[in-house]
Amino acid sequence: MGKTILITGATGNIGRKLRQHLCSQEIRLRLLCLNPMRDADVMTADLSVYHDTWAREFANVDVVIHLAGDPYATASWDSVQRNNIDLTLNVFRAAQQHCAKRIVFASSNWVMAGYRFGTERLTTSLAPRPINAYGCGKLLCERAGRQLSQQSGISFIVLRIGCSQHIQGNEPGPHIEHGLWGQQMWLSDRDLCHGVERAVFAEHVPFAVLNLISDNPGMRWDIDETRRVIGYMPRDGHRAITTATIDEHEKLARLKLEISERLEQITAKW
């Protein structure tokens with residue numbers, strides 16, 4: 001008998017891709033989200049407000065794939081607090097109360113965005129460096145998941161997901177936001193679905209934080225740990241392409257960062 005998997009954020013960009021992939025297997029899907037598309041297969045629920053009506057859907061679930069939340073890096077603190085932090089803690093509560101066996105949490109590359117202009121190998125053991133409310137919210141939920149795993153025994157796998165575009169085809173190239181940084185963390189739909197599938201089925205993983213990126217030549221993101229822990233085998237990759245416009249944007253982004261860091265130093269002296 002196949003697994004029972006509950007997906008939150010089931011009508012979003014990643015949710016739709018995973019549903020299409022997983023429905024072809026012997027898997028029972030339960031789908032929850034705000035459901036703005038009025039999808040008949042999805043239970044409409046505001047997960048930012050805990051309620052037994054939706055929480056009982058977690059009963060007898062093998063794996064929760066938690067995608068729901070405000071997906072935008074520009075999200076305000078108000079939105080992140082309600083739609084990412086409070087919502088995620090409610091999902092954790094429901095999973096623990098109804099004895100889910102594993103949670104696969106969709107975290108983000110934004111947890112490490114402060115390393116954009118560095119040279120470090122971006123392993124998940126490197127200290128996090130978020131630069132916005134969205135990244136901070138994801139980091140907080142990672143740590144809450146770690147505590148949940150330690151206290152309850154629920155297997156908890158964090159996937160720091162790269163660039164999975166909303167556009168049809170999700171093709172790589174210089175059109176990707178954030179220049180070389182964005183291109184080097186491109187994640188193909190095929191590798192996305194394979195990586196999440198491996199996170200669902202991998203055995204003996206009590207807790208892990210893993211990068212989920214395609215095998216992009218020249219990137220700084222480490223995916224060796226992802227290969228080792230869950231058996232991830234990416235099949236796609238893209239070598240970043242630079243243009244005059246990208247070079248100019250890179251210079252401006254560096255300058256903005258330098259000014260911001262200088263202002264922080266000045267403010268710290270007051």
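Colleague: On what basis are residues numbered and which pLDDT limits apply?
Modeller: Residues are numbered from 1 along each chain as its sequence is written, and side-chain values use heavy atoms, with hydrogens and water left out. As the model is predicted, totals for chains, interfaces and linings use all residues, side-chain atom pairs count only at pLDDT 80 or more, and local features need pLDDT of at least 70.

Colleague: What is the strand order of the open sheet?
Modeller: Strands (E, at least two residues) and helices (H or I, at least four) are DSSP runs numbered from the N terminus. Two strands pair if DSSP finds at least two bridges between them. The edge strands, each pairing on one side only, are strand 3 (43-44) and strand 7 (207-212). With parallel pairing, the 7 strands have the order 3-2-1-4-5-6-7.

Colleague: Which residue of strand 2 is the bridge partner of I7?
Modeller: Strand 1 pairs with strand 2 (residues 28-33) in the parallel sense, over 5 bridges. In strand 2, the bridge partner of I7 is L31.

Colleague: How many residues of strand 1 are buried?
Modeller: Buried means under 20% relative accessible area, exposed over 50%, and partly exposed in between (1.4 Å probe, protein chains only). In a regular strand the side chains alternate between the two faces of the sheet. Here T4, L6 and T8 point one way and I5 and I7 the other way, and all are buried. Strand 1 (residues 4-8) is therefore largely enclosed by the rest of the structure, the buried count being 5 of the 5 residues.

Colleague: Which element gives the largest share of the lining of the largest cavity?
Modeller: A cavity is a set of points, on a 1 Å grid over the protein atoms alone, where a 1.4 Å probe fits but cannot get out; a pocket is an open set with protein on both sides within 12 Å along at least five of seven lines, and lining residues have an atom within 4 Å of a point. The largest cavity has a volume of about 40 Å³, a volume being the space filled by probe spheres set on the points, which are joined across faces, edges and corners. Its lining includes A106 and L159, and L159 in strand 6 is the bridge partner of A106. The largest share, 3 residues, comes from strand 5.

Colleague: Which element gives the largest share of the lining of the second largest pocket?
Modeller: The second largest pocket holds about 670 Å³ of space. Of the 18 residues that line this pocket, the closest to its centre are R116, I131, A253, K256 and L257. The largest share of the lining, 8 residues, comes from helix 8.

Colleague: How far apart are the end C-alpha atoms of helix 8?
Modeller: The expected span of a helix is 1.5 Å times one less than its number of residues. For the 26 residues of helix 8 (residues 244-269) the span should be 38 Å, which agrees with the distance between the end C-alpha atoms, 38 Å.

Colleague: Is M233 buried or exposed?
Modeller: M233 lies in the loop between helix 7 (224-230) and helix 8. M233 and D247 are 14 residues apart in sequence and 32 Å apart in space, C-alpha to C-alpha. With a relative accessible area of 58%, M233 is exposed.
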